[in-house]
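Student: Could you walk me through reading a model like this one?

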Amino acid sequence: MRETVPVVRVNCARCGGWDAARVVTTPDYELHIDAPFEVSSCRGCGHTYTSLRPDRTTLFTRFYPGDYLCYGGMSGVAGLIDRMRRDGQAAERAAMVGGYVAQRGRVRLLEVGCATGEFLKACRRRFGWEVAGVEPNRQLSDALIREGFPVVPSTLEDADVPAGQYDVVCLFNVLEHLWDPAYSLKRINCLLAPGGLVVVELPNFASPSRRRFGKHWFLYHLPRHLSHFTRQSLAGLMEECGFEEQGVRKQFRPTVNVLSLQYAVHDRTRSAPLRSLFSARNPALIAAGIMCELVQNRIGDSNILTAIFRKTAPVPAPVVSLLRERTP
Ligand SMILES: [Zn+2]
């Protein structure tokens, strides 16, 4: 049954054009909201984005429930394992950023979408950096503020953050969620000191898994993912926003193929045994997913990329958004 969700059609945030070719239409496979959302590619500049999306209020209130997978909140053994995974990932990310700023004495770091704060905690604990965050989920931002972290409870677009104050800005699986990525990256340019770094981790639109699974590719993640980048398209947008690429790393994320397969099978059959077999809770399927991801990363593009950029030029003021919306 089709659920009514108020949707808007938007133009290309990068060039402002409306002429775009449809790439895919999918419902929301996570909350099973069977409304159609659409990804399109701009014929003017090539930027790929979710052109048919819920309106902004509906997106943030309806599609990010309190138990959204990135907010933690699992209990029992699963919660313990998830916390260990998050802590390990945060330590790895901190060590990677540390490799780029090792020569600097004082490091002021801002994480956009800091969620449960493991990365900020790891940076402070290991390096003693001055860390801050921006996080629109009020429950998460309040918890971090209570622990003594300066976190602005807001989206980046609306956040009141001092300009020119940061040496590093990090967005781990966040850029693709932002309503207007071009405007947000120009704002990040303003927040950074000269020569500052941006670290972006995000889904790779050039992943062979996307071609293999089509609309069931987990990292379309519609309608939460609003922009879809390859290494090249990200570098192009970043260049327009005053940044130069310093390096790219492949990330290992075996659950992407498993969840994509689960979406594909669950979309085609109502058979309980089949659904149970092709479920991300099946340890055998997870083991197969690990093997598949290892081979894929070895020979081709990964599902997730981390790219590091340096600010090479300030963006001209005023920074304005080219994004417009209209009734479809
Ligand atoms: Zn465009």
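Tutor: Gladly! Helices (H or I, at least four residues) and strands (E, at least two) are DSSP runs, numbered from the N terminus. This is a predicted model, where local features need pLDDT of at least 70, side-chain atom pairs count only at pLDDT 80 or more, and totals for chains, interfaces and linings use all residues. Residues are numbered from 1 along each chain as its sequence is written.

Student: In what order do the 7 strands of the open sheet lie?

Tutor: Strands of a sheet pair through backbone hydrogen bonds, either parallel or antiparallel. Pairing here takes at least two DSSP bridges between two strands. The order is 7-6-5-8-9-12-11, with mixed pairing. Strand 7 (151–152) and strand 11 (243–251) are the edges, each pairing on one side only.

Student: Which helix lies across strand 9, strand 11 and strand 12?

Tutor: Helix 7 (residues 231–240), at about 155° to strand 11. Such angles run from 0 to 180 degrees between N-to-C directions, with axes fitted to C-alpha atoms, for helices over the stretch in contact; contact means C-beta atoms, placed from the backbone, within 7 Å.

Student: Why is strand 5 largely enclosed?

Tutor: Because 4 of its 5 residues (108–112) are buried, meaning 20 or more other C-beta atoms within 10 Å of a residue's own, placed from the backbone.

Student: How does strand 5 pair with strand 6 and strand 8?

Tutor: Strand 5 runs parallel to strand 6 (residues 130–134) over 5 bridges, with Leu109 opposite Val131. Strand 8 (residues 166–172) is also parallel to strand 5, through 3 bridges; there Leu110 partners Val169 and Glu111 partners Cys170.

How values were computed
Buried ≥ 20, exposed ≤ 12 C-beta atoms within 10 Å, placed from the backbone. Contact = placed C-beta atoms within 7 Å.
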